[in-house]
Amino acid sequence: MKRSSSLLQTRSILAMLAVMVMISSSFAAPPAPTDVVAEDLPADGGGAAIVTWTIPTGVEGLEGFQVWRTEVVSETTARVANERGTALLAIQNQAYQNEYQRLVGVEGVAPEDASMQARAVARQAVIDQQGSVTPTETGPHGRFWVLVDTVSAETSRLQIGKLSPSDEYQFMVYTVAKTADGGVAKSEASAETGMVLPAASGIDVKRLPLFFILLLLCGSVLFFIRWARSGRPITIRKIAGLAAVDEAVGRATEMGRPILYIPGIQDMDDLQTVAGITVLGRVAKTAAEYDARIEVPTSRSLVMSAARETVHSSYLAAGRTDAYNPDLIYYVTDEQFGYTAYASGLIVREKPAACFYMGCFFAESLILAETGNSVGAIQIAGTAMPSQLPFFVAACDYTLIGEEFFAASAYLSGEPDQLGSLKGQDMGKVIVGAVLIIGCLIATVAVATGSESLMHAVDWFKGSVLSA
Amino acid sequence: MKRIVPLWITAIVGLVLIVSNFLPGTRSWGEEATTWFGIIAAVAFVLGGGSLLKVHLKKISDRNTGWGYSMIVLGTFTATLAVGLFKIGVSPNPGYPDVPWSGDVQGQGTPFWWVYEYVFKPLTATMFAMLAFYIASAAFRAFRAKNFEAMLLLGTAFIILLGRTFAGYFLTSWIPIDGPFSGLRLEELSVYIMQVFNTAGNRAIIIGIALGIAGTSLKILMGLDRSYLGGGD
Amino acid sequence: MNLIDRMANLDRRWIFLMMGLAVGIPIIVIGITGKTLPEEPTPLAQAAFDVLDDLDPGSRILMAWDFDPASEGELGPMATSFIRQCAQKGHRMYFIALWPVGAQMIRSSTSRVIGGYYPDLVYGKDWVDLGFKAGNEAVIKTIVTDFAQYFPTDARGTSVDAIPMMEGISSLADFDALVNASAGYPGSKEWVLYAATPLKKPLVIGCTGVQAPQMYPYVPNQVQGLLGAIKGAAEYESIVNKWVRSEQLLDALESGGITEPASSELAARFTANPTEASTWTTEAAAAAMSPESKTKLIEIATAPIPGIFLEAQRRMGPQLVAHLLMIGLIIAGNIVFFATRRRGGSQ
């Protein structure tokens, strides 16, 4: 008797404590933010919205705010499927357990047979009850919500990215404050905002700096094209690799051996292939004039078509259409090493006097160039693949490095338009160099002095120009 | 006409791709253009296949030197094409046992898988492995300390070659790893060289290349550079 | 003809033979003795391990295998170790390939690691093979916002709706980390530019030696872990092997009744020095463990690491000799060069 009265006493004390905690915590709940408004971020590429709210006044221990958004359809579908799957699995397991125990315990069926029969019953239970399984739990305002971000106490505006531009969203905000006992209390949910569609705008402001850079670079190219057209002289330094084309073709003619031209292993959507085809035009023209045989195995069908057209034009320009043989420009295979094996075999068998490697290359660069070197061919390479340049430099007689390769067209044609564009490109290089130096200086000074305005400038630069 | 139509196609598609980068509403146009290239490249594959057949059949009929190789090319080409296209020897998908050709052509044990596993894979690996031999012969022939710059390059090459093996660790493991000179350990030094000096040089080359690409693209879009179409008007 | 002249006119086939021996002999020696050279992990390899280790078990990892049989020698061991770490940690793995033969690389690495050492992992729940998709970087650009557009089914033709672990995957943003084994284009650079950077997702890259210098500028802001060539693979492999053994030892100790923090300390000790396990089990501290638990503990501590998880470290032997040969050849070439030049100058 004494024992039970002390138990009663303990229980009542605990109940009182619980009530006091509940009361204190309900009193501690801070007010929710008001005037919560959401709108689509203007002038962006879509998928972003801005949520603003009014910070409630007089909140003690204000920690910050939690911003939540509604689920989109795909998220709801996934969640429902997940919940439904779990519920159905529970029904299946329960039905199996019940039936198994009944069969084994009551009817005395052997465990193996019971297991099989119980599985069939469980499957049927799922089929029978699947219509009744519906998710019931919802969040505030009768919706499901996804936490977007938690922001500091001074913040009343949040830009939210990574939203789906084709889905509508609503938002709500909670106030989060520290309670007297060191815990954290969350307010009631604020009112939900109206529907917002974070659609793409007419123009993406974030990319404007990139657009201005593009205009500046194109502008300088166009300016110098006009400059060249007006008759002002533009000189271009000698590019040894291109100057050696005549020598290489001449050598092949003297030796009576063919010329091998490899325009890389990528398709026509790679600008290096286009540049390779440009140089092919010049090499083919010289070969036609010298009456040398030029062979062009390609690893892409479209490149074969473009190469045939180019070589044909070159033979036409040289007045040697009769010598043009389209069968010497042919497709081998798209497979990188299949093509390399074929080209290496061709070099060993035919022993070309000159080998040209102009285009986009990967690991095959050294295999081809070393094989060419072993048969004593004069070799000229050109590529914009930085990782393959060392191999070509080591194994070839001449190498067009990166931009030299793209300058080939202007160098070979000598037309004022083309030379002017080259000069414009150089101006672009000056601009890039200047921006690099200024950027490095600003970043260094910002770090050294701790200047906030310079830091902001660096951040702006990183966030706009460099991430566009 | 033969020149004007391709030039217009180039200019319009190029402009669409540029515009789609800046105007979000037109982004799908750019994706559409890229898809079209994929379709055309796939159709052009027939052209390539035709060329392959023509060249090798001609070699065989003319009994040119090495015509036997052409026989092998055509034989393997036809066999692989048939095995892949008609799913020869492929069992139906277990989920759809009644649907013919529903099986996975590359599934283990199929003839196509066999070709891949026992022909294609070893041949490709062999070709790639040949690089080791060619690098050695190129290094012996071309790596000469002709001047001061070449000597610097040579020194760097030694550091990287040693730093990427146990030799680097063995030679400089006496330098304390947490001491002020730990950066001089060969394995650390090789990473430093690649991260700093190599990156700096690469960036300079890449900027030059990027500007070259921009300039060339502009010339092509404006029709100033027509060499890829065979040049001329 | 003196030695210098002979060297100057050395037939390249002699060099090929030397290289063949330099690679072949260590392969045979390592194959017979089973010994590998010790590896000292660099911070880059450690960072690659840490990215996957710091994630909670069950995290979603996209594993893009963009390589082919040609580069399998370099990248195969990395792929093996990536899968091993994720499988051991309990991450969910989603395999895709942007290279046509990448699909076979997925099959080969998953069947060897998951099929051989983690048979408990369930297809569709713990890992899924989504296969190859054509389109290069266009695939990445699209799945950044819409995953299902390119991957409506897995490689076996099963609809993703019927695959439990595909629930909640609507875009690349739903993954916790990206892992890419790359041999060229499309590959690591495209994953950095079009996926990891805009989504700010952790990215671990394993790439060939030729590619590695192009990737260093992205470390550590855009690429958190970088394994370059077989050296990077060997370092990472040694970290993963040690960690897996330490995890297994920890499990054995805890199931034998040894609790934290003693279990962690002992697991670390036995990982560093496996023979200590057998002596420790005879001490009083191990009295609480049953004889079966002790036997199991000694077995785990001293069991040899399966060969599949030592491939990269084994390949460091041939690499060492081949690099030394290269250095020798370069020196020999320069001696010939200077001797010939001096002779030319004196004439």
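This is a predicted model: local features need pLDDT of at least 70, side-chain atom pairs count only at pLDDT 80 or more; totals for chains, interfaces and linings use all residues.

Visitor: How do you know that the length of helix H14 of chain A agrees with its number of residues?

Guide: Helix H14 of chain A covers residues 416-449, which is 34 residues. At 1.5 Å a residue the span should be 50 Å, and the end C-alpha atoms lie 49 Å apart, so the two values agree.

Visitor: Which residues of H14(A) are called buried, and what covers them?

Guide: Buried residues fall under 20% relative accessible area; among them in H14(A) are A:Leu419, A:Leu422, A:Gly428 and A:Ala446. Their cover includes helix H4 (208-229), helix H13 (408-413) and helix H15 (452-463) of chain A, together with helix H7 (186-221) of chain B.

Visitor: Why is the pair B:Lys54 and A:Asp327 called a salt bridge?

Guide: The closest N and O atoms of B:Lys54 and A:Asp327 are 3.1 Å apart. The rule asks for a Lys or Arg side-chain nitrogen within 4 Å of a carboxyl oxygen of Asp or Glu, and therefore the pair qualifies. Across the interface of chain A and chain B, the rule finds two salt bridges.

Visitor: What makes up the side of chain A that touches chain B, by class?

Guide: That side has 36 nonpolar, 17 polar and 16 charged residues.

Visitor: How much area do chain A and chain B bury between them?

Guide: They bury about 5,100 Å², 70% of it on carbon and sulfur atoms. In chain A, the residues losing the most area to chain B are A:Leu271, A:Phe337 and A:Glu370, together 10% of what that side buries.

Definitions and conventions. Residues are numbered from 1 along each chain as its sequence is written. Chains are lettered from A and ligands numbered from 1 in the order in which they are written. Side-chain values use heavy atoms; hydrogens and water are left out. Buried area is the accessible area (1.4 Å probe) that two parts lose on being put together, summed over both. Ala, Val, Leu, Ile, Met, Phe, Trp, Tyr, Cys and Pro count as nonpolar, Asp, Glu, Lys and Arg as charged, and the others, Gly among them, as polar. Helices (H or I, at least four residues) and strands (E, at least two) are DSSP runs, numbered from the N terminus. The expected span of a helix is 1.5 Å times one less than its number of residues. Buried means under 20% relative accessible area, exposed over 50%, partly exposed in between (1.4 Å probe, protein chains only). Contact means heavy atoms within 4.5 Å.
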